[in-house]
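Me: I want to learn to read a model like this one feature by feature. Give me the general idea each time, then the case.

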Amino acid sequence: MKGLCILGATGSIGVNTLDVVARHPDRFQVVALTGNCRTETLLKQCLKHRPAYAVMVDARAASELRRQLKAEGLTTEVLAGAEALVEVAKLPEVDYVMAAIVGAAGLLPTLAAARAGKRILLANKEALVISGPLFMDAVRASGAELLPIDSEHNAIFQCLPPGFRAGIAPPAVRRILLTASGGPFLTTPLEDLAKVTPEQAIAHPKWEMGKKISVDSATMMNKGLEVIEASLLFAVPPERIEVVIHPQSVIHSLVDYQDGSVLAQLGNPDMRIPIAYGLAWPERIDSGADALDLFEVARLDFQPPDFKRFPCLRLAFEAARAGGTAPALLNAANEVAVAAFLERKIPFTGIAGLIEHTLNAIPAAAAKDLEAVLAADTSARRFAAAQLAAFEEKR
Ligand code: NDP
Ligand code: MG
């Protein structure tokens, strides 16, 4: 029996994780579930999975959950605040930590899990992008197991030789081929992109996901963050990572070996597949996903990405090459820009503009410690927020 902590249980990845876990009551015991403010969802999850701990970052939501759980007669201990996320991530009875908080908010608890030597199921790519080599050092020092849940990285992990460990370059790999659906605006005329709405941006053609990653998929910043994620996980420089647009989202990524063999992982676009693989690795268990019907898929298309259509992808490649605090600056500016777009404060095309402006204004430094990384995050957020305020004033 493995004890499980799900950071971000109430989100899309969290819900899919609990769906897989419920199919295997003999294997996993839910120890802790966390959310930010969606009390109703966490309450239902607690009633079903009976964790020892539940965390709500928002204090009022935590009091409300505590009251409701007590009324239901549950003994789950409810904790409040961001520090409680760190506490539950390193509990001794927790073996596996699903890192599924969205954005930089997941960094400290995910890093705590790495330092505590847990098996980390990493969905929260932003945590790794921001802290990069520091995170990988923490994993190596503690002997933690870092297993990628992002479908592309999980696919690559499945195509690498047994014995591969995150952060150690696998032998004889020529290139990593990261597939991308291209999102909802792959064929939208360029001149129409300034007018697309948040509703259109979050209506992803292939995947059902949280709002932030859906917008990131529409700008392809998601793929950019994934390039940085892949370069860290698989110890390959960004020059050897190629992005391939594959609208059917059936091939989840590929590894090109020096002998000319290319290995791929295929499956329906269903996050329960990589989640089940991470939970059971090195075994395989039922995920609940449907079997792939190749006759229904019928064809697989591929095309190179257009950096004019997707400037965020270019910015991410530049940050990946620059290293240091550049990925943290990129990520922070992107989080501010996406939130502003969702609140209709800037147009879709303003997302890349705001990020580029921030990256041009704040020089990247060496990411020598966590303080340096957090300082970069804060300064990029401040700069981007000030730009937004100035933009609003002009309107
Ligand atoms: P959701 O928006 O659906 O869920 C986010 C989760 O994080 C929720 O539990 C939310 O709580 C919690 N949360 C939000 N803000 C905070 C905060 N400040 N502090 C603590 N917790 C917070 O996101 P997804 O599940 O889609 O994505 C989660 C992560 O996984 C992201 O990093 C994403 O890039 C990655 N990922 C997701 C995929 C997907 O298919 N969805 C695929 C690959 C990667 P509450 O509900 O209370 O707001
Ligand atoms: Mg992905």
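Reply: Arg299 is exposed, with a relative accessible area of 52%. Exposed means over 50%, buried means under 20%, and partly exposed lies in between (1.4 Å probe, protein chains only). This is a predicted model: local features need pLDDT of at least 70, side-chain atom pairs count only at pLDDT 80 or more, and totals for chains, interfaces and linings use all residues. Residues are numbered from 1 along each chain as its sequence is written, chains are lettered from A and ligands numbered from 1 in the order in which they are written, and side-chain values use heavy atoms, with hydrogens and water left out.

Me: Which residue forms a salt bridge with Arg299?

Reply: A salt bridge puts a side-chain nitrogen of Lys or Arg within 4 Å of a carboxyl oxygen of Asp or Glu. Here the partner is Asp301, with the closest N and O atoms 2.6 Å apart. Asp301 is partly exposed, at 26% relative accessible area. Elsewhere, bridges with shared partners join Lys125, Asp150, Glu152, Lys223 and Glu226 into one network.

Me: How many salt bridges does a search of the whole structure find?

Reply: The search finds 24. Take the pair of Arg175 and Asp256: their side chains meet at 3.0 Å, N to O. Arg175 sits in strand 8 (residues 173-180) and Asp256 in strand 10, so this bridge ties together parts 81 residues apart in sequence. Helices (H or I, at least four residues) and strands (E, at least two) are DSSP runs numbered from the N terminus. Arg175 counts as partly exposed, at 29% relative accessibility. Asp256 counts as buried, at 3%.

Me: Are Asp270 and Arg272 buried or exposed?

Reply: Both are buried. Their side chains also meet in a salt bridge at 2.8 Å, N to O. Arg272 leads on to helix 11, being one of that helix's buried residues.

Me: How many residues of helix 11 are buried?

Reply: Eight of its nine are, so helix 11 is largely enclosed by the rest of the structure. Besides Arg272, the buried set includes Pro274, Ile275 and Tyr277.

Me: What should I check in the backbone?

Reply: Check omega and phi. Omega is about 5° between Trp281 and Pro282, a cis peptide bond. Pro282 lies in the loop between helix 11 (272-280) and helix 12. Arg50 has one, about 45°. Its loop runs between helix 2 (39-49) and strand 3 (53-56). Ser249 has another, about 50°. That residue sits in the loop between strand 9 (241-245) and strand 10 (251-257). Arg50 is exposed at 54% relative accessible area, whereas Ser249 is buried at 6%.

Me: Which backbone oxygen does the side chain of Thr219 reach?

Reply: It is that of Asp216, at 3.2 Å. A polar contact is a pair of N or O atoms within 3.5 Å; within protein, one must be able to donate a hydrogen and the other to accept it, and sequence neighbours count only if both atoms are side-chain atoms. Thr219 belongs to helix 9 (residues 211-219). Its relative accessibility is 6%, so Thr219 counts as buried.

Me: Last, which residues form the nonpolar patch on the surface?

Reply: Leu266, Leu294, Leu300 and Phe302 do, with about 350 Å² of accessible area together. Patch members have over 30% relative accessible area and no salt bridge; like charges are joined within 9 Å, nonpolar side chains (Val, Leu, Ile, Met, Phe, Trp, Tyr) within 5 Å. Leu300 lies in the loop between helix 12 (294-297) and helix 13 (311-322). At 32% relative accessibility, Leu300 is partly exposed.

Key:
Areas by Shrake-Rupley, 256 points an atom, 1.4 Å probe, with all protein chains shown as cover.
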